[in-house]
Amino acid sequence: MNRFRYIIKRLLIAIPTFLGITVLVYLLSSLTPSSPLEILFNDPMATKEQMAAMEKALGLDQPVYIQYLHWLGSLLGGNLGTSYRTGLPVASMIADRIGPTLILPGTAMAITIIISLPLGIMAAYKPYSGWDYISSGISFVGVAMPNFFAALVFIYLFNVKIGWFPSSGMYDSSGVRTWGMFFHHLVLPSSVLAIQLIGSLIRQCRGSMMEVLQSDYVRTARAKGLLEPPVLVRHALRNAWIPLVSWFGMQIPFLIGGAVVTEQIFGWPGLGSLMVQSINARDYPAIMGITVVIAIVVLVGNLLVDLMYNLLDPRIRY
């Protein structure tokens, strides 16, 4: 019952947060120097009457707050609107792109966990050793390297020089689509997106494990004659998970923001590249639709992280 009440309370708190995000994004979109009409009417022969008719049809002749209220009413009715740029329903455009967007950060996070946890644990288990120096070096390089720079380096090395991996799209231009081809195209963008995450998680894991390894219950487990692997995994890592779970929750916005840059560079057909195209076209319905999806993902992800605390440590109360 306490968990259910906590979820309801968090959802109620999330409502004004969600509305604040949409208001801010809509306001910033409306403040751009040009309007959607300038993008839609590329014909220099278009008359003022045609421009005015299109402006009225799109509702752009009304004040910004009225436009926002109309959009919010459509959203509450389950309609994300129609794209100015393509004329397609925004919901269908997002549905076509959300799969690749979820796969890319998910794969990057899996790569991060596989690489970072062993390095962080060994760095904490043997501080100031070769493992620790190697892990610290990888962490420093990962945190300091921006995504766009890592993407250019990877494309130059693994596509231009060596030719191991493609640098654009989800599939080859031949029209054939196979799982092997998909994973072949996924390697570079997911690795680029994982670089900064790897550096950050190594530091977080090392710090959490070093603090736990100095606890009394770890010394007691060693005094009882337990082998080191069970001590590290069952006793130390299990109790170090809470700050690591907090780290995962804080990385959700970073994953989405980093995916925008990564998708654009590698031509990955996800929500990030769709957002860039929509911003360039001043496509307000598409921008707001993507904002809604991203806001919901971030808010729900943070709620799930909070719920995991009690599963990891029953002493934590809602």
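Student: What pattern does the chain follow, read along the sequence?

Tutor: Good place to start! This is a predicted model, where local features need pLDDT of at least 70, side-chain atom pairs count only at pLDDT 80 or more, and totals for chains, interfaces and linings use all residues. Residues are numbered from 1 along each chain as its sequence is written, and side-chain values use heavy atoms, leaving out hydrogens and water. Helices (H or I, at least four residues) and strands (E, at least two) are DSSP runs, numbered from the N terminus. The chain has 12 helices and zero strands, and its pattern reads α-α-α-α-α-α-α-α-α-α-α-α.

Student: Is Ile-8 buried, partly exposed or exposed?

Tutor: Ile-8 lies in helix α1 (residues 2-30). Buried means under 20% relative accessible area, exposed over 50%, and partly exposed in between (1.4 Å probe, protein chains only). With a relative accessible area of 35%, Ile-8 is therefore partly exposed.

Student: How are α5 and α6 oriented to each other?

Tutor: The axes of helix α5 (residues 90-125) and helix α6 (residues 130-144) come within 8 Å and cross at roughly 135°. Axes are lines fitted to C-alpha atoms, for helices over the stretch in contact, and angles run from 0 to 180 degrees between N-to-C directions. Angles under 35 degrees count as roughly parallel, over 145 as roughly antiparallel, 65 to 115 as roughly perpendicular and the rest as oblique. So α5 and α6 are oblique.
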